[in-house]
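Hi there,

Here is the structure I promised to pass on. My notes on what turned up follow below it.

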Amino acid sequence: AGVSRRALFLAYSCVGAAVFPVLGVLWWLRSKDSPDGPDGPEEKGTKPGPSTIPAAASPTSATASEAWLPLSVRPLREQVRSFPFRYAIVFACVHVTRSNSFLGFNQDVLERLGDSDHDNVYSSVFSAMLPLAFVFIPVIAWTARRLGVPACMHVVNALGLVYGALVLIPSLELQVVTSFVFTAFRAYLYSILGAMLVSVFGPLT
């Protein structure tokens, strides 16, 4: 329709900048109205007592008792100060930034390799592959069951290294493989990142 990819991503960024703060405000309002408060049952004195901890290993102090609680039932302020939360933030910042950057500059890479001499066929192939990420869902589900979510995060790292190395090779035909690997990378990234957040911090967070 005559709209450049740069204009599309700029419009997407503007929409995201407007929507994400609204989501935060809505979450805060909902937490404020919740009977458990924004930090969960701890504020109401419903923190699990010693009876929820095995008698043979029940700590004697309140501080020690909290150490036995999984992150998914801890207050939000404890979750955001935990190592898994910091790890998830760094993991997401690195890979989501790489993913979005590749979406922005890949067309320039293909043009420099001579895609315009082939009627931009390779750019069309790349654009057509992106919506087909759903075909990797069975593979992602299988590897998550067999290897676990932490190991699948290393699969994301490996796929990122592979497509990053392939795009450095000055071969136009090889960029079809790069597009395929990148599509798998994006599918794994968002699926595994979401699974990690839900499994560690719980669906409410």
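Helix H6 passes helix H8 in a right-handed crossing, meaning that the near helix is turned clockwise from the far one by less than a right angle. Helices here are DSSP runs (H or I, at least four residues), numbered from the N terminus.

Before going further: this is a predicted model, where local features need pLDDT of at least 70 and side-chain atom pairs count only at pLDDT 80 or more, while totals for chains, interfaces and linings use all residues. Residues are numbered from 1 along each chain as its sequence is written, and side-chain values use heavy atoms, with hydrogens and water left out.

The axes of H6 (residues 137-147) and H8 (residues 175-201) come within 10 Å and cross at roughly 50°. The axes are lines fitted to C-alpha atoms over the stretch in contact, with angles from 0 to 180 degrees between N-to-C directions.

On the H6 side, Val139, Ile140 and Thr143 meet Ala187, Tyr188, Ser191 and Ile192 of H8 (contact means heavy atoms within 4.5 Å).

Ile192 also belongs to the largest nonpolar core, which has 28 residues; Ile192, Val156, Phe182 and Phe185 touch the most other members. Such a core is a set of buried Ala, Val, Leu, Ile, Met, Phe, Trp, Tyr and Cys residues joined through side-chain atoms within 4.5 Å, buried being under 20% relative accessible area (1.4 Å probe, protein chains only). H8 gives the largest share of this core, 10 residues.

Thr178 also lies in H8 and is buried, with a relative accessible area of 1%.

Best wishes

Methods:
Helices (H or I, at least four residues) and strands (E, at least two) are DSSP runs, numbered from the N terminus. Buried means under 20% relative accessible area, exposed over 50%, partly exposed in between (1.4 Å probe, protein chains only).
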